[in-house]
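Student: I have a model open and want to go through it with you. Can we start with the fold and then look at single residues?
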Amino acid sequence: MRSVRRPLPAVLPDASWRGRPPCASAGRDACPGSPATAESCDQARERGLDLARHRSRPLDPAVLEGTGWVLLMTPGQLARFRSRFPGYAGRVGLLGLPGIDLAAGGDAAAAETVDDPYRAGTTLAYARMADQVDRLVGAWTAHLQPGRTP
């Protein structure tokens with residue numbers, strides 16, 4: 001199992017927001033305990049961050065308990081999330097559609113999709129994904145700060 005895109009969207013905001021709000025990573029098909037890929041670790045390290053302790057965990061009701069937002073990276077992930085957790089009452093968004101709560105439906109077509117560098121497997125693909133995630137996390141900043149209700 002791979003842990004490619006998920007670790008960076010958790011560690012980047014934690015670093016820039018100093019843990020407020022807290023961020024965590026979980027995946028629909030995550031193999032529990034798997035480390036982030038070496039390439040993702042390299043991209044984090046280049047940004048002064050450390051993914052050495054990251055371990056994947058599956059997305060389940062216990063992980064969802066008490067979350068303020070669930071942020072996904074693609075419209076396909078959003079559709080699978082809605083199918084798997086139809087009763088989820090929290091806010092659901094796409095990283096590429098800052099501040100928009102799609103929990104009750106809504107159109108995800110306008111969202112910027114976060115590229116998956118795994119298939120390309122190049123340092124450049126990982127760097128582009130990390131830059132994209134960094135930029136999109138920045139766009140979410142105003143929407144996720146404590147006391148802010150989008």
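Student: In what order do the elements run from the N terminus on?
Tutor: They run α-α-α-β-α-β-α. Helices (H or I, at least four residues) and strands (E, at least two) are DSSP runs, numbered from the N terminus. This is a predicted model, in which local features need pLDDT of at least 70 and side-chain atom pairs count only at pLDDT 80 or more, while totals for chains, interfaces and linings use all residues. Residues are numbered from 1 along each chain as its sequence is written, and side-chain values use heavy atoms, with hydrogens and water left out.

Student: How much of the protein is buried?
Tutor: Of the 150 residues, 41% are buried. Buried means under 20% relative accessible area, exposed over 50%, and partly exposed in between (1.4 Å probe, protein chains only).

Student: And what share of the contacts join residues at least 24 apart?
Tutor: 61%, taken among contacts between residues at least 6 apart in sequence. Contact means heavy atoms within 4.5 Å.

Student: On to helix 2. Which residues are buried there?
Tutor: Ser40, Cys41, Gln43 and Ala44 are buried in helix 2, residues 38-46. They lie on the same side of the helix because they cover an arc of only 160 degrees around the axis. The arc is that of the directions from the helix axis to the C-beta atoms.

Student: What is exposed on the other side?
Tutor: Ala38, Arg45 and Glu46. After helix 2 comes glycine 48, with a positive phi near 75 degrees.

Student: Where is serine 56 found?
Tutor: In the loop between helix 2 and helix 3 (61-64). Serine 56 has a relative accessible area of 5%, so it is buried. Its side chain reaches the backbone oxygen of cysteine 31 at 2.4 Å. That is a polar contact: a pair of N or O atoms within 3.5 Å, where within protein one must be able to donate a hydrogen and the other to accept it, and residues adjacent in sequence count only if both atoms are side-chain atoms.

Student: Switching to arginine 84: buried, exposed or partly exposed?
Tutor: Partly exposed, because its relative accessible area is 41%. Arginine 84 is in helix 4, residues 75-84.

Student: What is arginine 84 in contact with, leaving aside its neighbours within four places in sequence?
Tutor: Arg28 and Leu59. The arginine 84 side chain reaches the backbone oxygen of leucine 59 at 3.1 Å and that of arginine 28 at 3.3 Å.

Student: Now the rings. How many aromatic pairs does the structure hold?
Tutor: Three. One of them is tryptophan 69 with tryptophan 140, edge-to-face, 4.9 Å centre to centre and 75 degrees between the planes. Rings of Phe, Tyr and Trp (its six-membered ring) pair if their centres lie within 6.5 Å; planes under 30 degrees apart count as stacked, over 60 as edge-to-face and the rest as tilted.

Student: Which parts of the chain does that pair link?
Tutor: Distant ones: tryptophan 69 is in strand 1 (residues 69-72) and tryptophan 140 in helix 5 (residues 123-144), 71 residues apart. Tryptophan 69 is buried at a relative accessible area of 15%, and tryptophan 140 counts as buried at 1%.

Student: What about phenylalanine 81 and tyrosine 88?
Tutor: They form an edge-to-face pair, 5.5 Å centre to centre with 85 degrees between the planes. Both phenylalanine 81 and tyrosine 88 are buried.

Student: Which residues form the aromatic cluster?
Tutor: Phe81, Phe85 and Tyr88 form one cluster.
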